[in-house]
Amino acid sequence: MAAHRKPRQRSLSGNTARTAATIALAGAATATGFDGTSHAEPQLTPTQVKAKVDQLYQEAEVATEKYDGAKEKADAAEKKLGTLRDEAARRTEKLNSAREALGHVAAAQYRSGGIDPSVQLLLSDDPEQYLDGAEFADRVGHRQTAAVALVRQQLREIEQLRGAAHIELTSLKSRQAELGRQKKTINGKLDQARRLLSGLTPQQRAQVGDGTTGGGTGRASRSSTTARGALAAPSSSAAAADAPDSRAAAAVSYAYQKLGSPYVWGATGPNAFDCSGLVQAAYNSAGVSLPRTTYAQINAGQRVSRSELRPGDLVFFYSGISHVGIYVGDGQMIHAPNPTAPVRLAPIDQMPFAGATRVV
């Protein structure tokens, strides 16, 4: 029997080995070129990081103001729905009383045997008294029927209004849910931006003005502020003294007390705020009711120019009026900046100025 032997493998020569290695590397490069797994994320410059973060903050502000407006409308719809339900309950109670009265009439007719009125007249001991009673009963019956018809009509109208309010409320809740999804998306982008910022050196973060001076977490101390703000910011008492009236002075004092409070979506205090929530809470403390959103707050008083600003005036930013702060003098404002920065003092020229309003 012939012996079975493995064929002897030929060794690669130097040139052949180099050619095979080149082909293998080229194939690997081609494969990774198609799936992209070997490509590293492009390294962003500090300037590019700042541009991305600023864009994300602006998107977050716009979404927050829309969310705040939707919530305000939802709250109003819920209040309206409660009023309608209360009114429907009152009218239903009246209808039940009317039905009970009709039940007594029906029972009396049943006890009388339902005899034809002409026969009852013939059999009556006092036909004249019977006729008077029959006429009265007829009038009562007509009035009762009309009353029931009116209450029924009112109840139908209430049901229609309640249904309309419910539809409106459902629509608003759906809108809030959509805004919640947008907020979640923006939070994801903000997390990405924070990761990018964390890759910068402290000096680079200071250069790009990442909004986290004083700890980098948005939980800075109440005395934290930008270097420029620290040099130029007026004191609380000085700012209040320069305010146009006592209400504006009280709002300014409230804002100073809230320095260092965290930024939270949709919050109106007392321990956390978004930008328009801080403004609303400050003036509420002074006995002045302001609308909830920046879009409405800018129309809540008398417009003033930048050169006419006094402490307590509301200052607005960006073309879409998506950010607001409270002016405190010397080119400074107190505002709730974004999720990575607490309520703080800042120069009003750090964002695109859009207008100002004096609450009157």
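Strand β3 (residues 323–329) is mostly covered in this predicted model, with seven of its seven residues buried; buried denotes under 20% relative accessible area, against over 50% for exposed and partly exposed in between, with a 1.4 Å probe and protein chains only. Strands (E, at least two residues) and helices (H or I, at least four) are DSSP runs numbered from the N terminus.

| Pair | Sense | Bridges | Residues between strands | Positive phi |
|---|---|---|---|---|
| β2 (residues 314–317) and β3 | antiparallel | four | five | Tyr318, near 75 degrees |
| β3 and β4 (residues 332–335) | antiparallel | three | two | Asp330, about 55 degrees |

Both pairs form hairpins. Phe317 has His323 of β3 as its bridge partner, and Gly329 is bridged to Gln332 in β4.

Gln297 lies in helix α10 (residues 294–297). Because its relative accessibility is 0%, Gln297 counts as buried. Its side chain reaches the backbone oxygen of Pro291 at 3.0 Å. Beyond its neighbours within four places in sequence, Gln297 is in contact (heavy atoms within 4.5 Å) with residues including Leu314, Phe316 and Val324. Ser276, Val279, Gln280, Pro291, Arg292 and Thr357 are also among the contacts of Gln297.

Residues are numbered from 1 along each chain as its sequence is written, and side-chain values use heavy atoms, with hydrogens and water left out. As the model is predicted, local features need pLDDT of at least 70 and side-chain atom pairs count only at pLDDT 80 or more, whereas totals for chains, interfaces and linings use all residues.

Note on methods:
Polar contact = N/O pair within 3.5 Å; in protein donor to acceptor, adjacent residues only side chain to side chain. Pairing = 2+ DSSP bridges.
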